[in-house]
Amino acid sequence: MWGLLLAVAALAPAVRLSLGATTASVPELARPATHATHATPGASSRPPGSLPQTPAKANGTSEQNTRIRVVKKKKVIVKKRKKLIHVSPPVTAVTAKPLVTTSPAGSFNFSGKQEPGCPPLGLESLRVSDSQLEASSSQSYGLGPHRGRLNIQSGLEDGDLYDGAWCAEQQDVEPWLQVDAKKPTRFSGIVTQGRNSVWRYDWVISYKVHFSNDSRIWWASRNHSNGMDAIFPANSDPETPVLNLLPEPQVARFIRLLPQTWLEGGSPCLRAEILACPVSDPNDLFPEAHALGSSDPLDFRHHNYKAMRKLMKQVNEQCPNISRIYSIGRSHQGLKLYVMEMSDQPGEHELGEPEVRYVAGMHGNEALGRELLLLLMQFLCHEFLRGDPRVTRLLTETRIHLLPSMNPDGYETAYRRGSELVGWAEGRWNYQGIDLNHNFADLNTPLWDAEDDGLVPHTVPNHHLPLPTYYTLPNATVAPETRAVIEWMKRIPFVLSANLHGGEVVVSYPFDMTRTPWAARELTPTPDDAVFRWLSTVYAGTNRVMQDPDRRPCHSQDFSMHGNVINGADWHTVPGSMNDFSYLHTNCFEVTVELSCDKFPHENELPQEWENNKDALLTYLEQVRIGIAGVVRDKDTELGIADAVIAVDGINHDVTTAWGGDYWRLLTPGDYIVTASAEGYHAVTRSCRVTFEEGPVPCNFLLTKTPKQRLRELLAAGAKVPPDLRRRLERLRGRKD
């Protein structure tokens, strides 16, 4: 009978919590099952009977010897020092037990089934604000608690405002980092890293975890096997994320991480993410947080290669008249690089219809772009079937190509690790260890050398620069993914593109490589700087996160001060980038969009990320209509002339016509003098005005063959030379004499 009564008493708080009883507040319902709590921040909790109480001193403290582990890289030294323990009267309380029990893998021998746990609270994604983070101490502002976010990156210099972790002061004997969830939350696990720094090595080796509802009374996470405070193994290097699931999830408002040991000679420094689930608040005691969600009926989850292929097939089957799936090649591991084409006439280039592309997954661990393109193809299909006028016009006037995974091998590596454990770099490179964004041919250097020698544009063209000889050799270090994309660029006359990345929130535009050799960063604009700034500003101006005035910087630069756009080379130099190559080797204007601070956001954040970027993705595609467009034709036959050159006065970069003679020249509003020329034809110049009206502005050309070209064609056909052409040739010879 007594056993039954005790069991009912222990379960009573849980029942009251689930029923939303009005007789107790939520914090009161979540007190811990412990015989002693500690009102002093950072003080350790004491299991019943584990440490006998010692006589108290006059100041309310007691003195006892404790053992502190100081860990070196190769050995462990155990030292003794004296620690002051604040004694408080015992308080009896009962915890409302959660339904799920988990345990740190390989760390403790806990009973119960290990569950996946909860999604991230949002330290890395910045959903947790700086004001929600506190610490016992900090070495500097740049090492404050607001820097204790998983995967946060430091600046180039230590000691500035943007260091790469939270670090407690050296003399802080009981350091802690605290997170305020703002409302009762079910905490289930912690992910930690060490300090990101070029110059120092600092990481925590073990830590405890405490919880509170009011930030004054704390209880500890306990080891089931012996009732002692659980000590969690942390990191053995600065960058690898380490996950620890709690022995038993705890409902509380505050959570503290208390480093116990850290690398000898270093400091207690860490970056963290907290895994936490919301709990019901039936009495509306806490303000409702902004809901993450989207009303669009789309598949909001991460897709590995097999799932991605299945989803693309489903979209194609749902909208067969406006979609086509094709492959542009294979990865080093043999995975196909699939592209979804969306247009009212899929599979063919329509005269006068521009081609646009989105590329994602160049770095395999930057997963958000991949999912956004999979969501975009679903959305375009769904809205076209609904008859949405904006989407219908986009698909009837534009041919859209979506490459969701340029580096599928790298993505599979990152996917297997998971969104919170992939770290900052794992999966970035392809299987060969090549960074694809540095793997395109450097065409900047030969162009700039020719410009310095005065050879551009009369001897060396300012567009469609050829591949260097070294790049075409069989033993050249060129990834198969890179070669596939280059051939894709050559086959299709792309006009506009965006390369989707992650890890920051900014739009960068060419040039990506600095003109001054070995310069780490330097403003290096293209001749089309006005167009690139327009394109970048359009995306940044329609992206919800980039337009948030209260958004804090992701890492070490505040791009909001410049409208969330930046010249790539003025950020950091990137030789061999796809943006620069696209501009110099083809007609295509391409920018890089850094989508989020978190490279691999948890899938529960995908609906909000879609809403953040949906309008920007559509609006950017529509920018292919700015500028002028037309067809260059032969005046006699009215057939289109392929590879005719379109030159704009004052802009030292030309474009060429496609095989049907059609062209698109992106320009900002203004008056332009445009010249069309082709081999064997007289050049024609005309003025074209670009307005703010939705375009493009028609600017067509009719070219007349030169007498020499007509003679060549007649002689090649075996025909006699007409008298009028003979007389013109004789007059030309007379002028030369």
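**Cysteine pairs**

Author: Sulfur atoms 1.8 Å apart put Cys 688 and Cys 699 in a disulfide. Bear in mind that this is a predicted model, where local features need pLDDT of at least 70, side-chain atom pairs count only at pLDDT 80 or more, and totals for chains, interfaces and linings use all residues. Residues are numbered from 1 along each chain as its sequence is written, and side-chain values use heavy atoms, with hydrogens and water left out.

Reader: What makes Cys 118 and Cys 277 a disulfide?

Author: The S to S distance is 1.9 Å, and a disulfide is a pair of cysteine sulfur atoms within 2.5 Å, so the pair qualifies. Cys 118 sits in the loop between strand S2 (76-86) and strand S3 (133-135), Cys 277 in strand S10 (residues 269-278), so the link ties together parts 159 residues apart in sequence. Strands here are DSSP runs of E, at least two residues, numbered from the N terminus.

Reader: Why is Cys 118 called buried?

Author: Its relative accessibility is 6%, and buried means under 20% relative accessible area (1.4 Å probe, protein chains only), so Cys 118 counts as buried. Cys 277, at 14%, is buried too.

Reader: Why is the disulfide of Cys 167 and Cys 269 called right-handed?

Author: The torsion about its S-S bond is about 120°, so the disulfide is right-handed. By contrast, the link of Cys 118 and Cys 277 is left-handed, with -110°.

Reader: How many disulfides does the structure hold?

Author: Five.

Methods:
Helix = DSSP H or I, 4+ residues; strand = E, 2+ residues; numbered from the N terminus. Buried < 20%, exposed > 50% of the residue type's maximum accessible area, 1.4 Å probe, protein only.
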